[in-house]
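The sequence and structure come first.

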Amino acid sequence: MFPASRYPCQAHRCIRVFKTIKAKHTAPQLYTTVHRRTCSSLSTPRITTHYTIHPREKDPRWEGMEMERFADEADVVIVGGGPAGLSAAIRLKQLANEHEKELRVCLVEKASQIGAHTLSGACLEPSALCELFPDWKERGAPLNTPVTEDVFSILTEKHRIPVPMLPGLPMQNHGNYIVRLGNFVRWLGEQAEELGVELYPGYAASEVLFHEDGSVKGIATNDVGIAKDGSPKDVFERGMELHAKVTLFGEGCHGHLAKQLYKQFNLRENCEPQTYAIGLKEVWMIDEKKWRPGRVEHSVGWPLNRNTYGGSFLYHLNEGEPLVALGFVVGLDYTNPYLSPFREFQRWKHHPFVAPTLEGGHRIAYGARALNEGGFQSIPKLTFPGGLLIGCSPGFMNVPKIKGTHTAMKSGMLAAEAIFPKVTAESLDSETAGLHLPEYAEALKKSWVWKELYSVRNIRPSFHNYFGLYGGMIYTGVFYWVLRGKEPWTLKHCGTDANQLKPAKDCTPIEYPKPDGKISFDLLSSVALSGTNHEGDQPPHLTLKDDSIPVARNLAIYDGPEQRFCPAGVYEYVPLETGEGMRLQINAQNCVHCKTCDIKDPSQNINWVVPEGGGGPAYNGM
């Protein structure tokens with residue numbers, strides 16, 4: 001995808017190693033049905049076989065295996081090929097070209113292609129793009145649909161209450177563009193490649209490497225060729241190390257390496273816990289008579305109750321065909337373990353205000369991902385010796401705007417501008433082996449990103465009141481619209497999303513209607529549209545710290561909420577082969593990498609780690 005001939009000579013050896021590994025491990029055929037695992041154990045069935053839980057040092061099957069990694073050096077390594085990582089890479093190479101400096105920038109991305117794991121609504125605010133590429137229109141950026149109409153509604157079960165879009169409210173989209181973010185990210189990748197950034201799609205960063213003084217040294221890509229039972233295959237290959245003066249972590253929401261860094265450097269010491277939502281999305285081809293290019297629709301209310309945060313979007317694209325992007329977002333601080341975000345989404349599509357747009361059309365794509373919703377209060381410390389956090393990894397989403405791409409891009413650009421003078425200095429002045437760059441956090445606090453996030457800091461937590469949705473809307477109207485976020489207080493969140501579920505005995509089960517196959521659909525047919533695929537014979541990357549907890553606690557107390565909050569049918573409780581009791585079955589091949597399970601698990605027993613690189617969804621311009 002990215003020819004080696006375009007890279008500087010020092011990169012050739014690195015590329016050859018990557019290609020050698022990839023050639024030995026090609027992707028299997030598309031997996032679209034649930035794979036049922038069996039277990040003959042009469043005690044707690046063994047579910048987790050991953051080496052992060054069962055160390056290889058204690059496994060005799062690994063004795064004598066060659067475990068040395070090939071290592072390569074770069075000036076800057078970036079983890080994650082999303083808007084933040086690519087913007088950082090592009091800005092670094094722009095600065096290097098302007099100052100006629102040699103700078104090696106390597107970016108690793110776990111998806112098989114740049115943009116393949118990218119999913120968002122998305123209504124893009126072009127402010128950061130205009131700064132990065134003032135000539136983006138001439139360069140052919142895929143921003144084809146300027147917003148022409150804004151509609152906001154409160155839905156009841158049968159009716160719609162229109163809400164006026166007053167100037168200055170965060171939901172107003174004048175000047176923005178409806179985009180398919182995967183296509184936009186792919187375009188950013190092309191711009192990065194032209195500037196000389198080394199892009200390595202299909203290689204997941206699985207481990208943070210450290211110098212002896214504790215500073216970050218770089219990352220290691222994941223090992224490949226490991227069987228489902230955790231043993232090495234004949235084609236086992238160790239991952240590769242990439243060392244750098246500074247490493248940027250732009251993994252997206254709830255990155256698994258970022259979680260390690262939070263603990264290693266105590267980065268969350270002075271901020272509130274992050275809170276999240278899950279966003280589900282579909283793309284439809286509709287009847288051309290119902291197509292209104294540039295129209296943006298948002299709603300709150302039904303089918304959610306007033307104390308469950310969430311809402312919907314429906315965007316009319318202008319890409320030559322009558323396409324609409326629609327989706328549903330549910331805050332993961334909900335309390336009823338019987339709630340299913342996927343089925344709430346399917347139910348919403350039958351509302352009298354929504355269904356007429358979809359009738360006679362057909363669905364062509366489906367996907368899901370988690371979103372950061374903590375906002376200003378939940379931003380951690382962003383710098384540490386040897387590394388930085390950028391984009392959705394630390395959480396720069398403007399929640400009431402439902403936008404984070406512009407802030408993510410700007411954070412990457414500011415990181416690049418802080419890094420460049422230090423990594424190109426003839427005499428590096430650093431107290432640690434890995435460069436520490438607090439200048440990045442200082443620059444961010446002086447930027448429009450900080451001002452924007454601060455102004456809306458109280459809108460999301462204002463929904464935690466007796467009146468829920470309606471109290472939050474009143475707060476937004478009074479304090480944000482009048483004071484523009486200048487109120488002299490900062491509201492707090494209610495703690496982690498994992499701690500919000502109530503026991504099943506205290507909640508009422510939700511009866512969801514059966515999907516009709518025309519407007520609403522079942523889960524597995526939806527996952528099939530995501531293009532999700534993983535090598536089947538590998539250890540499940542949804543690891544459990546304790547295999548006994550799902551049945552003993554999650555099923556016993558919360559009636560197995562994993563079965564409902566997962567948007568891909570990964571988790572099932574099935575009867576034991578003896579007929580007595582239940583066991584958890586993990587269908588890891590279905591995982592769309594949304595991270596919801598890692599976030600919402602009430603026992604915090606699930607730890608999402610990277611599968612073999614190239615696995616996961618294959619979103620086509622989502």
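## The sheet

Seven strands form an open sheet with mixed pairing, in the order S6-S5-S15-S16-S17-S14-S18. Strands here are DSSP runs of E with at least two residues, helices are runs of H or I with at least four, and both are numbered from the N terminus. Two strands pair if DSSP finds at least two bridges between them. The edges are strand S6 (160–162) and strand S18 (362–372), each of which pairs on one side only. On average, neighbouring strands of this sheet are turned by 20 degrees against each other, direction ignored.

Strands S15 (residues 295–301) and S16 (residues 310–316) run antiparallel and are joined by 4 bridges. Ser299 has Ser312 in S16 as its bridge partner.

## Basis of the model

This is a predicted model, in which local features need pLDDT of at least 70 and side-chain atom pairs count only at pLDDT 80 or more, while totals for chains, interfaces and linings use all residues. Residues are numbered from 1 along each chain as its sequence is written, and side-chain values use heavy atoms, with hydrogens and water left out.

## The helix across the sheet

Helix H6 (residues 341–348) lies across strand S5 (149–155), strand S14 (276–285), S15, S16, strand S17 (323–331) and S18. Its direction is at about 135 degrees to S17. Axes are lines fitted to C-alpha atoms, for helices over the stretch in contact (heavy atoms within 4.5 Å), and angles run from 0 to 180 degrees between N-to-C directions.

## Aromatic pairs

The structure holds 16 aromatic pairs. Rings of Phe, Tyr and Trp (its six-membered ring) pair if their centres lie within 6.5 Å; planes under 30 degrees apart count as stacked, over 60 as edge-to-face and the rest as tilted. Phe184 and Trp187 are a stacked pair, 6.0 Å centre to centre with 20 degrees between the planes. Both lie in helix H4 (residues 181–195), 3 residues apart, about one turn of the helix. Phe184 is buried at 0% relative accessible area, and Trp187 is buried at 5%. Buried means under 20%, exposed over 50%, and partly exposed in between (1.4 Å probe, protein chains only).

In helix H6, Phe345 and Trp348 are also 3 residues apart, about one turn of the helix. Their ring centres are 6.1 Å apart and their planes at 25 degrees, so this pair is stacked. Phe345 is buried at 0%, and Trp348 is buried at 1%. Phe210, Phe249, Phe265 and Phe384 form one aromatic cluster.

## Charges over rings

The charged end of Arg268 sits over the ring of Tyr262, 5.1 Å from its centre. Lys595 has its charged end over the ring of Trp608, 4.4 Å from the centre. A charge sits over a ring if NZ of Lys or CZ of Arg is within 6 Å of the ring centre and within 35 degrees of the ring normal.
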